[in-house]
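Please look over the structure below. This report covers its domains, its charged pairs and one annotated motif.

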Amino acid sequence: MVPPMPKSSPLPPWPGLTVESDETVWNGRFPLQRIKFRHRRFDGDTSPVRTWELWRRGRAAALLPYDPVADVVVLIEQFRLPALAAGVDPVMVEVPAGLCDPGEDVATTLVRETQEELGLTPRRILPISDILLSPGGCDEFCALHAGEVTAPPCDAEGIVGRTGLASEAEDIQVRIWPADRAIEAALAGQMPNAVTAIALLWLAAKRETLRTLWKDPA
């Protein structure tokens, strides 16, 4: 597991990398740096000076909540302004996720976010992958896991209810999806949230293995 890196920390050394300048141009909740650097090219030459903006969000964690008995996943829906800016439906279907607090390990983040966003506590957790979400401009590095849960009661449309922290003005709707339907939606390209799509495609490949692994009570 990669340890969390403090936001705005110096870049780790890398063979052939020379940092010419490193300027913090925005120091809000998530700092933005403008870095000028040279690096060794694949042909062995040194690149000209390159300038990149680097958004420092840090370590994150996400959980695919799966009920192996009911064979369903429990997903959330919430409004995302950047999705609207990208020209897609801003009400995103997502797995519970969040940034790790300073000094917080991934497992603690997973449990905290699942409790806050779903009102559920995962009994068992299995790692899927560590994913760099936007390597062209952001250092957010997400630890994606699957978690065993018991799906709560829902209405005919699968809606469980609403959750979210009032202190953060969160407005989250929880919905239960049959695993088959959620996987089909991901395969059809109907899950534009990258972490959600990756989690469901992983479930498509590992579903029977997971049901066997979690067949006995935790």
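The sections below take these topics in turn, working from a predicted model.

## The domain interface

The size of an interface is often given as the accessible area lost when the parts come together. Here, domain 1 and domain 2 bury about 390 Å² between them. Carbon and sulfur atoms give 60% of that area. On the side of domain 1 that touches domain 2, three residues are nonpolar, one is charged and none is polar.

Contact involves four residues of domain 1 and four residues of domain 2. Two residue pairs make polar contact across the interface. The count of salt bridges between domain 1 and domain 2 is zero.

## Salt bridges

Side chains of opposite charge can pair when their charged atoms come close. The structure holds 17 salt bridges.

One of the pairs is R57 with E140, at 2.4 Å from N to O. R57 sits in the loop between β3 (50-55) and β4 (59-67), and E140 in the loop between β8 (125-132) and β9 (141-148), so this pair ties together parts that are 83 residues apart in sequence.

## The annotated motif

Where does UniProt place the "Nudix box"? An unreviewed UniProt entry puts this short sequence motif at residues 98-120. In the model, residues 98-120 are 57% helix and 9% strand. The end C-alpha atoms of the span lie 15 Å apart.

Definitions and conventions. Residues numbered from 1 in each chain as written. Predicted model: local features only at pLDDT ≥ 70, side-chain atom pairs only at ≥ 80, totals over all residues. Heavy atoms only, no water. UniProt positions renumbered as here; feature names shortened; annotations may be inferred. Helix = DSSP H or I, 4+ residues; strand = E, 2+ residues; numbered from the N terminus. Contact = heavy atoms within 4.5 Å. Buried area = accessible area lost by both parts, 1.4 Å probe. Salt bridge = Lys/Arg side-chain N within 4 Å of Asp/Glu carboxyl O. Polar contact = N/O pair within 3.5 Å; in protein donor to acceptor, adjacent residues only side chain to side chain. Nonpolar A, V, L, I, M, F, W, Y, C, P; charged D, E, K, R; others polar.
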